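Hello,

Here is the structure I promised to pass on. Have a look at it first, and then read my notes below.

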Amino acid sequence: MNVTDWNAIAEAYFDVDDPHERSVLTFIRDKLTTLQPRRLLDYGGGDGKFAVLCAESLSLQEIVTYDPGPRMTSLARSLCADFKQIRVTEAIEEIQSGIFDVVTFNAVWMCLASREACLDTLSGIARLLRSSGRLIASVTHPCFRTCKFSDYFTDFNNRDYFNDGTLFNVTISNGKRDLHVIDAHWSLTAMSSQLNEAGFVIENLYELPRSTKGTSQPDASLWLVIVARKL
């Protein structure tokens, strides 16, 4: 089993209107309002929806959205075409080092299937940030991956919690269609360790509550947001 080929399912993902993803992106946008960055990089920005959300509501000198998938990049170019402050790229080498105040990293960590890939990516992000710049990462909460939500559920088993890199199946539903993806599991311990090795210190953790009333599960948090500062 391999992690998801996001380039292959770009259009399907673009069409899934997930209100719970919207809520975490809005939460992060509000954190950016407090930080007031001049330059923002959305790393793994996919179809560009978060870049547009920020461009519509924040006064930013520049927003760069990067995704390695050509089809995702094509969707982002179309969606972001009317926003002069947004630059879309699929070439990480074209991005200048040390100029960003904040890098956002939304639902990307779960797409990295090895510890080496995680460290390489986080170290690359550190290179792009200015001194004391912030990384804001959102992940589906590793402690609640066995909880079934109305529009999100997995086949993850808690016996694998400390088996970092374990792949698991995810179903995302918008009530009209289901989207199936494969994610990689990283525990809180693993993510903290990777951040430290890549040159970051965690400043805050935010667990976004989500009620699971009507199921056999207790109330749970679907999303975890990590704010880390570059050392």
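**What I found**

Ser59 sits in the loop between helix 3 and strand 2 (62-66); helices (H or I, at least four residues) and strands (E, at least two) are DSSP runs, numbered from the N terminus. This is a predicted model, where local features need pLDDT of at least 70, side-chain atom pairs count only at pLDDT 80 or more, and totals for chains, interfaces and linings use all residues. Residues are numbered from 1 along each chain as its sequence is written, and side-chain values use heavy atoms, leaving out hydrogens and water.

Ser59 counts as exposed because its relative accessibility is 78% (exposed is over 50%, buried under 20%, partly exposed in between, with a 1.4 Å probe and protein chains only). Between the C-alpha atoms of Ser59 and Cys111, 52 residues apart along the chain, there are 30 Å.

Which residues does Ile63 touch, leaving aside its neighbours within four places in sequence? Ile63 is in contact with Leu40, Ala51, Cys54, Ala55, Gln85, Ile86 and Arg87, where contact means heavy atoms within 4.5 Å.

Enjoy exploring!
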